[in-house]
Every structure is written in structure tokens, then in C-alpha cells.
Amino acid sequence: MSAPIAGSSGTQVPVLKLGTVLLVTLQGDLYDEAAEQLQRNIGEAIAASSVTGVVIDISGVEIVDSFLGRVFAEVAAHAKLLAAQTVVAGMRPAVAITLVELGLTLPGLRTALNAEEAMRLLSPASTPLHHSPARQESP
Amino acid sequence: MTDTSGRVTACLPIRSDMDLAWVRQHVRQAAAQLGFGLVDQTKLVTAASELARNTLVHGGGGQVESTVLETGAARGLRLAFSDQGPGIPDIERALGDGYTSGGGLGLGLGGARRLVHEFSIDSRPGEGTAVTVICWTAGAPRPREESR
């Protein structure tokens, strides 16, 4: 089941609920207002349906600036208070290099190389042995 | 700041978050046409996004002038952001990480400076702020100039 979240700019962000995980796929350039709307909608979606994990797939995103980085961090913080884990998946190498130079290393945000890996991280069956909880999150 | 004359390729208004998207798109296209690699394109577009947002949020809107530079074999893109906003009272502090007067993370100005080759800022309280950045295509290594 899927419920596209419409941004005010007309941008549609597909949000797919897969079991207890919310898969949010960002594509191209997101207007600030659409990003903030998405942030609110994800929070509501988590609260409304027993979601335990959120995967934000940014493999289709060409740039992440401090504004969008803050949106990710806030989504993760909101989700955590609502008992859900957030994983940002598929960051492009050029984006990662740029974020580090920008000084935005997003501590506390879990990442995965792709959406599939992120889903595996969040699935209840995944063995926690390879992913020590101690290094997953920092305050 | 290198004193290079070039041809102004565009002058874009910065009045809304939609304009920010236009600025990013323009800078991406201009950088790609000049032959910037993917990482350098991404850095320049990110810096432009930070600075354009500063112009919008802190400067109350303004504009960016985009100029293609050519000096010998080197080619570059100069972006000049300007607004007529309240100005920045303490530029040194504003360039440091963690300083913020808005709702951001306080990385905008200092972060943008790290992403470009040349950076200059001129701000007068009550009159406005002008930030100019230049990125050169890979070629002869250039020192990172930080002039004001």
C-alpha cells in the first residue's frame, strides 16, 4: 500500500509502508516547504500506524545541504520519540564528500548503502551481532 | 579575490524556496557545461544552496549573479549573492561553525566557504550583505584564498 505525500510545490514524495517499515523515496530537488511538509507527514504516519522503522532513500538526491540534513536529523529525532528507528539509505559518494566538508556529519543518524540494506537493518529478524547497538546512535 | 572579468551569464532573483531550486539547477548546469567533475559540481551547488538560503532567510531576499571566468587555461564560475537586508554585525563569528541567527545548524556561511576555492564577504549593518564565491575547474592547483 502506498500513499504519496504531496508537497505544496506539487512535488510528490512516495511513501510506502512495507510491514512495519515506512519507505520514503526522495527524488531530485525538494523545495524547502515540501521537505518540511514531508517531515510533518512522516511523524503523523508513524503515530497513526504501528511503524517501527523509517527508511529514507536518497539515492535519487543530487545534493544535501544543511537544511535538508537538518530535516533528516529531525525526522530521526521525532521517529525515535515515537519508538521508531530511522535509516538514511543510498547517499551518493559526491554528496557524502560534500557533507563532510560542509561540516555536517549527522551524528546519531544511521545510514545504509542502499534501501535493501536499510530494510534488512530494521527487520526484526536481523541479527544484531554485526551491528553493535553501541555505535548505531550517539546523542 | 582574483580580479577577473568575465561574462555574466545569468542574474537570478532569490525571493522564495522555489527560487532556491532554480539557483541550484542553474549552478548545476553551468558547472557541468564548464566541465566540472561530479564532486566539484556537487560542492558548488551545495555552497550555492547555502548562500542563496542565507540571502533569502537572513537578507530578506536578493539576487545572485553568475559569471563565467576564463584566465588562460583555467575556467571558473563566479557567483555573487547580494541582499539589502540587515547585514551581519560580526562576520568573523558568522563564519564560525555553530553560529546561527535562524533555525539552521549554523553551518551555512563557514560551510559554504570550505566548499569553494575563493570566498569573499562584504556586509554593512543596515545596508546588506554581498558574498562572492569562485570555483575553478580542476587544473593547476590553486591555493585556497580567503580574503575579505
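## Overall architecture of chain B

The model described here is predicted. Its scores are ipTM 0.83 and pTM 0.84. For chain B, the mean pLDDT is 85, and 82% of the residues reach 70 or more.

Chain B has 148 residues, of which 43% count as buried. Among the contacts in chain B with a separation of 6 or more, 66% are accounted for by residues 24 or more positions apart.

## Helix α1 of chain B

Which residues of α1(B) are buried? They are B:Asp17, B:Leu20, B:Ala21, B:Val23, B:Arg24, B:Val27, B:Ala30 and B:Ala31. An α-helix has 3.6 residues a turn, so residues three or four places apart point the same way. Within chain B, the buried residues of α1(B) pack against β1 (7-14), α2, β2 (62-71) and β3 (74-83). They also pack against α1 (32-48) of chain A. After α1(B) comes B:Gly35, which has a positive phi near 90°.

## The contact between the two chains

In the contact between the chains, 23 residues of chain B meet 19 residues of chain A. On the side of chain B that touches chain A, at least two residues are supplied by each of α1 (17-33), α2 (38-57) and α4 (108-115) of chain B. The helix α2(B) gives the most to this side, with nine residues. By class, the side of chain B that touches chain A has nine nonpolar, seven polar and seven charged residues.

## A hairpin in chain A

In chain A, strand β3 (residues 15-18) and strand β4 (residues 21-27) pair in the antiparallel sense over four bridges. Within this pairing, A:Lys17 stands opposite A:Leu22 in β4(A).

How many residues lie between the strands of the hairpin of β3(A) and β4(A)? There are two residues between the strands, and in this hairpin A:Gly19 takes a positive phi near 65°.

Key: Residues numbered from 1 in each chain as written. Chains lettered and ligands numbered in written order. Predicted model: local features only at pLDDT ≥ 70, side-chain atom pairs only at ≥ 80, totals over all residues. Contact = placed C-beta atoms within 7 Å. Nonpolar A, V, L, I, M, F, W, Y, C, P; charged D, E, K, R; others polar. pLDDT = per-residue confidence, 0-100. Pairing = 2+ DSSP bridges. Buried ≥ 20, exposed ≤ 12 C-beta atoms within 10 Å, placed from the backbone.
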